[in-house]
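Subject: Structure handover

Hi,

Here is the structure I promised to pass on to you.

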Amino acid sequence: MTITTTPRPVETPPHVTTRIERASPESIARLGGFGSASIHEAQGRRGAIDSRIKPVEHTMRFSGSAFTVVCAPRDNLMLQVAIHYAQPGDVLIVSAGEMSQAGTFGDVLANAAQSKGIAGVVTDSGVRDTESLRALGLPVFSGSVSITGTVKETLGPINQPLVFGGQLVNPGDAVVGDADGVVVVRRDEIDQVADLSQAREDHEEKLIAQYREGRTTIDLCNLHDVLRAKGITTDIDDVDPDHGLGARP
């Protein structure tokens with residue numbers, strides 16, 4: 001007996017998905033009050049986007065909901081489409097093949113994005129018109145600066161999960177960027193990570209106060225036994241068998 005089955009067609013998502021879940025503006029703003037490095041450390045050293053992606057001006061910072069975009073290399077068609085559909089507070093995460101020799105985004109599109117209330121633009125490709133971008137003030141983070149022009153030819157997905165800068169980014173995840181870099185936080189973990197970031201910063205403030213009071217890195221970081229176990233030696237061991245580490249507090 002031969003049984004025949006008809007394969008079910010694979011459903012292909014539309015090019016543009018507009019219905020995504022976002023965290024509350026209050027949760028995003030609270031998370032954005034912390035530095036990218038603090039957030040990365042607080043959530044278990046997760047979420048750090050490739051360190052080559054940096055702001056075009058070191059004072060730029062942003063926090064918002066990820067609005068993911070895939071562009072073909074040297075092609076910014078879908079970036080322009082994304083600006084049309086994005087909502088205020090969104091951060092455009094633009095995957096463009098890590099093409100450094102391409103000016104994917106410049107001052108004209110930056111004005112369009114700022115007028116829509118977009119919180120920031122992050123691309124693994126290049127940007128140009130950087131003096132105008134700095135003057136405008138829209139946070140723009142990129143993998144390079146390049147004057148090379150692009151085309152508007154290729155369709156691609158908007159608001160589908162993507163791997164960007166070595167991290168999985170889902171539409172609606174929180175992203176925070178500053179002079180140190182960009183970090184992504186899962187949407188359902190935003191409040192928890194904000195709590196952990198606050199606890200970390202409170203702890204670091206206490207450490208700084210103790211250093212200013214004269215405490216040392218050795219005792220505050222509990223390095224006495226670690227260094228002894230590793231067999232540390234110094235040029236003063238003949239007069240100080242404690243290797244100059246000082247007494248354990």
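Arg187 and Glu21 form a salt bridge through their side chains, at 3.5 Å from N to O. Because Arg187 sits in the loop between E10 and helix H6 (190-212) and Glu21 in the segment before helix H1 (25-31), this pair ties together parts that are 166 residues apart in sequence. Arg187 is partly exposed, at 32% relative accessible area, while Glu21 is exposed, at 54%. Please keep in mind that this is a predicted model.

The search of the whole structure gave twelve salt bridges. One of these joins the side chains of Glu57 and Arg134, with 4.0 Å between N and O. Glu57 belongs to the loop between E1 and E2 and Arg134 to helix H5 (residues 130-136), so here parts 77 residues apart in sequence are tied together. Both partners count as partly exposed: Glu57 has a relative accessibility of 22%, and Arg134 has 38%. Another salt bridge links the side chains of Arg45 and Glu41, at 2.8 Å from N to O. Arg45 is exposed, with 62% relative accessible area, whereas Glu41 is partly exposed at 26%. There is also a network of salt bridges that connects Arg46, Arg186, Asp188 and Glu189.

Next, the loops on either side of E1. Arg52 is in the loop between helix H2 (36-42) and E1, and is partly exposed at 30% relative accessibility. Arg52 and Phe141 are 89 residues apart in sequence, with their C-alpha atoms 9.7 Å apart in space.

Val56 is in the loop between strand E1 (54-55) and strand E2 (62-70). Is Val56 buried or exposed? Val56 counts as buried, because its relative accessibility is 11% and the cut-off is under 20%. Beyond neighbours within four places in sequence, its contacts are Val127, Thr130, Leu133, Arg134, Val140 and Ser142.

The largest nonpolar core holds 40 residues, and Leu92, Phe105 and Val122 have the most contacts inside it. Elements giving two or more residues to this core include E2, helix H3 (77-85), strand E3 (90-95), strand E5 (120-127) and E10. Leu92 touches, among others, Phe67, Leu79, Ile118 and Val122, leaving out residues up to four places away in sequence. Another core, of twelve residues, lies apart from the largest one and has Phe34, Val183, Ile190 and Val193 among its members.

Strand E10 (residues 181-185) is largely enclosed by the rest of the structure, because five of its five residues are buried. Gly181, Val183 and Val185 point one way from E10, and Val182 and Val184 point the other way. E10 pairs with strand E9 (residues 174-178) in the antiparallel sense, over five bridges. The two strands make a hairpin with two residues between them, and Ala174 stands opposite Val185.

Last, the cysteines. How many disulfides are there? The count is zero. Cys71 is buried at 5% relative accessible area, and Cys221 is partly exposed at 41%.

Best wishes

Definitions and conventions:
Residues numbered from 1 in each chain as written. Predicted model: local features only at pLDDT ≥ 70, side-chain atom pairs only at ≥ 80, totals over all residues. Heavy atoms only, no water. Helix = DSSP H or I, 4+ residues; strand = E, 2+ residues; numbered from the N terminus. Buried < 20%, exposed > 50% of the residue type's maximum accessible area, 1.4 Å probe, protein only. Contact = heavy atoms within 4.5 Å. Disulfide = S-S within 2.5 Å. Pairing = 2+ DSSP bridges. Core = buried A, V, L, I, M, F, W, Y, C linked by side-chain atoms within 4.5 Å.
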